[in-house]
Amino acid sequence: AVFAVGHRVVHGGEQFQEPARIDEATLTVIEELCPLAPLHNPANLTGIRVMRELLPQVPQVAVFDTAFHQTMPPCAFRYALPAQFYQDYGVRRYGFHGSSHRYVAREAAGYLGSPPEMLNLITLHLGNGASAAAIEGGRSIDTSMGLTPLEGLIMGTRCGDLDPAVPFFLQAKTGRSFAEIESILNRESGLKGICGVNDMREVQQSAQAGDAAAELALEMFCYRIKKYIGAYTAALGRVDGLVFTGGIGENSGEVRARSCRGLAGLGICVDERKNSAVGGGITPIQAEESRVAILVIPTNEEREIALQTVTV
């Protein structure tokens, strides 16, 4: 028999700071949040409705990508826009990949043998979607994604951080609609925009074969990560661990090495041999002289959703 059904829901806004039992009121709020995650929340709702039809007697729980980051202080989550946009429309930074950041932070604490509240961590979820989080004593205090999952790191097809004037400039120059430009920023940019492919394995193969555009894409991707590591080191004041996770974070030694190159001044030094021999499980890759533990931790968002569902 099925005990419960846990659903990943990408956007929970400010309404959900924890996972929630699904009822009609929960569904209404998830639906109202669709404009903030148009690629995800409608699909999440479809899954919920199908499972409620198939298993009407079984409790169902929504686990929100945004919930873990609801501990961010206003100085981190507010944008420097007129206050009424926040008050009336909820325009602020929400952050995503919360289940993954929460899971690997807890795993890192277990591995390092310290309670989460004693540790400061920078977690890097690197996949086709990518985000960084600054975690102080087990609580997210900053993260790279914003109102939507478009902000922050360079991703497979998303641009990440961008001068906000660029869409207006492009609209004026190309005559394209803002809907078209938004689609380009989400679906045609990032690695794909720079070198034509969005799979990091292909990007690395092409770069090794001498493709200048692929090499640039790889360098830009890692440079953006390095800048966030520096920023979050400043935000935290002390960093005990740096965690790489997600498809790219777990599998690309090249990305890990480039992202940490030149950060010895921050106490971050990768051991090349350990970094190139990463297999399954939690793997430390820091050099002897590194003041910061550098860990590769396989994420398990499904397990995290299951744990949260059982708790609810």
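A residue counts as buried when its relative accessible area is under 20%. Ala108 has a relative accessibility of 0%, so Ala108 is buried. The model described here is predicted.

**Ala108 and its contacts**

Ala108 belongs to helix α5. With its neighbours within four places in sequence left aside, Ala108 is in contact with Leu121, Val243, Leu295 and Ile297.

Where does His97 lie? His97 is found in the loop between α4 (83-89) and α5 (98-112). The relative accessibility of His97 is 8%, and His97 is therefore classed as buried. The phi of His97 is near 55 degrees, which is a positive value in a residue other than glycine. Most residues other than glycine have a negative phi.

**Aromatic pairs**

How many aromatic pairs does a search of the whole structure find? The search of the whole structure gives 5 aromatic pairs. Among them is the pair of Phe16 and Phe64, which is stacked because the ring centres are 4.3 Å apart and the planes stand at 10 degrees. Phe16 lies in the loop between β1 (5-9) and β2 (20-21), and Phe64 lies in strand β3 (residues 60-64), so this pair ties together parts that are 48 residues apart in sequence. Phe16 and Phe64 are both buried.

The rings of Phe168 and Phe178 also form a pair, and this one is edge-to-face because the planes stand at 70 degrees, with the centres 5.6 Å apart. Phe168 is part of helix α6 (residues 166-174) and Phe178 is part of helix α7 (residues 178-187), so the pair ties together parts that are 10 residues apart in sequence. Phe168 has 54% relative accessibility and so counts as exposed. Phe178, at 44% relative accessibility, counts as partly exposed.

The two pairs are set out below.

| Pair | Distance between ring centres | Angle between planes | Arrangement |
|---|---|---|---|
| Phe16 and Phe64 | 4.3 Å | 10 degrees | stacked |
| Phe168 and Phe178 | 5.6 Å | 70 degrees | edge-to-face |

**A charge over a ring**

Which residue has its charged end over the ring of Phe77? That residue is Arg92, and its charged end sits 3.7 Å from the centre of the Phe77 ring.

Notes
Residues numbered from 1 in each chain as written. Predicted model: local features only at pLDDT ≥ 70, side-chain atom pairs only at ≥ 80, totals over all residues. Heavy atoms only, no water. Helix = DSSP H or I, 4+ residues; strand = E, 2+ residues; numbered from the N terminus. Buried < 20%, exposed > 50% of the residue type's maximum accessible area, 1.4 Å probe, protein only. Phe/Tyr/Trp six-rings, centres within 6.5 Å; stacked < 30°, edge-to-face > 60°. Lys NZ or Arg CZ within 6 Å of the ring centre and 35° of its normal. Contact = heavy atoms within 4.5 Å.
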